[in-house]
Amino acid sequence: MIGRFKASLAKTCAVALFLGDAGHASADVRIPGFELVRTAPVETTLDTPDVRDAVVVWCQMIDQARDTIDFEQYYVAGKTGEPLDNVLASLEAAGRRGVKIRFLMEEKGLGASDEATLARLKAIPNLTFRLLDFGKVAGGGIIHAKFFVVDGREAYVGSHNFDWRALEHIDETGLRIDDKRIVGQMRAIFAQDWLAQERLAQGLPVPELRAADDSGDEGRPAFLLASPGRFDPAGVGDSEAALPRLIAKARRSIDVEVMLYAALARDGGPYRVIDDALRAAAARGVKVHLLITDWSLSPARLPSLRSLAAVPNVEIRVIRIPEASTGPIPYARVVHTKVMTIDGATAWIGTSNWEGGYLDHSRNLEVVLRNRKMAGRIEALHRQAWTSAYAKGLEAAIAERPVPAH
């Protein structure tokens, strides 16, 4: 009931702004430069009243924009009467008051998008819409990142797609960011990808910016990672190289919550970068708790999942969100969150699934925070889902649902 109540409140941006202003000091999870943001699927026990909803935060950020808004997304999907309507209304109002809006979307995301929402988006005054086939930039892959930057002063990144279901029927986690350095780097990533679209449209190649394995700002308490590393601007670390390094520093615990996990590459061959790092941590005595969704239980993924689960100090649980009372909703009712905590002291909040194709070939963003308050709250999110009635051990989940329906 709490989840349904929050979702219904978020149906209007006026209410969303009121909640954002009133709840700023007491009903949110913040550290300097960052606010944790989350959507819990309605009609579940996964609600988190202390963490603001994405629709609330998105509307507030857009409504406060003065000059520019830059969106980079995989796809666009709306439904009349759902919370994304209010986000679109805020963008329309921003465009009417003269805010320059750029919206960059993955070309392969057209298949997941709906024409009505795309048409509404493209009709917004002062909005420029572009499609980028990111596979032509990086030799495969997609724009899988989900982020936007407002006025070059604040930004949002997280697991939410620009999809009505992500704002009501999917478990999602992200960050509102006003850390000047990281916001600037996110703006630079958008500028790089926007320019890449221009160059491809002109038949020109997109030059690599640097060597892939670059640690960037990894020594800072808060830093941005992105993939693929060779197309990252200065200061932004390479996600694929940084993740094993972070895991190697674990001494007590690693808690991961991610939709898809497998030691597989896009072509079905091995992709062992993450799996080897987790196995090495477990061999040192680190307790690894990996929470995945039932969407991971495909025949191709099961061998690597079972192999990892057999390693001492590794436990895998599978979470399944029940259908809504209104009936089945395609591509919804799932945990889409992508987070990790290490030793209750370091938090990873990002956009990548943990298998081949994401950290090596696709555009994704991840934020790492060495902060016990933020890591502790994300660790608690993991524990809430891990111990919920929706989670089961790997073998029990396989026996219940051997092949996913999605």
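Student: Which side chain does Arg30 meet in a salt bridge?

Tutor: This is a predicted model. The partner is Glu35, and the N to O distance is 3.2 Å. Side chains of opposite charge can pair when their charged atoms come close. Arg30 has 28% relative accessibility, so it counts as partly exposed. Glu35 has 1%, so it counts as buried. The cut-off for buried is under 20% relative accessible area.

The pair belongs to a network. Salt bridges with shared partners join Asp28, Arg30, Glu35 and Arg52. In total, the structure holds 30 salt bridges.

One is formed by Arg153 and Asp151, with the closest N and O atoms 3.3 Å apart. Arg153 is partly exposed, at 26% relative accessible area. Asp151 counts as buried, at 14% relative accessibility.

The other joins the side chains of Arg320 and Asp294, at 3.8 Å from N to O. This pair links distant parts of the chain, 26 residues apart. Arg320 lies in the loop between β15 (314-319) and β16 (334-335). Asp294 lies in the loop between β14 (287-293) and α10 (302-309). Arg320 has 38% relative accessibility and counts as partly exposed. Asp294, at 4%, counts as buried.

The largest nonpolar core has 42 residues. Those with the most contacts inside this core are Ile69, Val87, Leu91, Phe103, Leu121 and Phe162. Several elements each give two or more residues to the core. The helices among them are α3 (54-63), α4 (84-96) and α5 (115-122). The strands are β3 (68-73), β5 (100-106), β6 (127-132) and β7 (147-150). Helix α3 supplies the largest share, eight residues.

Neighbours within four places in sequence are set aside here. Val87 is then in contact with Val55, Trp58, Cys59, Ile62, Phe162 and Leu167. Phe162 is also listed with Val87 among the residues with the most contacts inside the core.

To return to your question, Arg30 meets Glu35. The arginine is partly exposed, and the glutamate is buried.

Definitions and conventions. Residues numbered from 1 in each chain as written. Predicted model: local features only at pLDDT ≥ 70, side-chain atom pairs only at ≥ 80, totals over all residues. Heavy atoms only, no water. Salt bridge = Lys/Arg side-chain N within 4 Å of Asp/Glu carboxyl O. Buried < 20%, exposed > 50% of the residue type's maximum accessible area, 1.4 Å probe, protein only. Helix = DSSP H or I, 4+ residues; strand = E, 2+ residues; numbered from the N terminus. Core = buried A, V, L, I, M, F, W, Y, C linked by side-chain atoms within 4.5 Å. Contact = heavy atoms within 4.5 Å.
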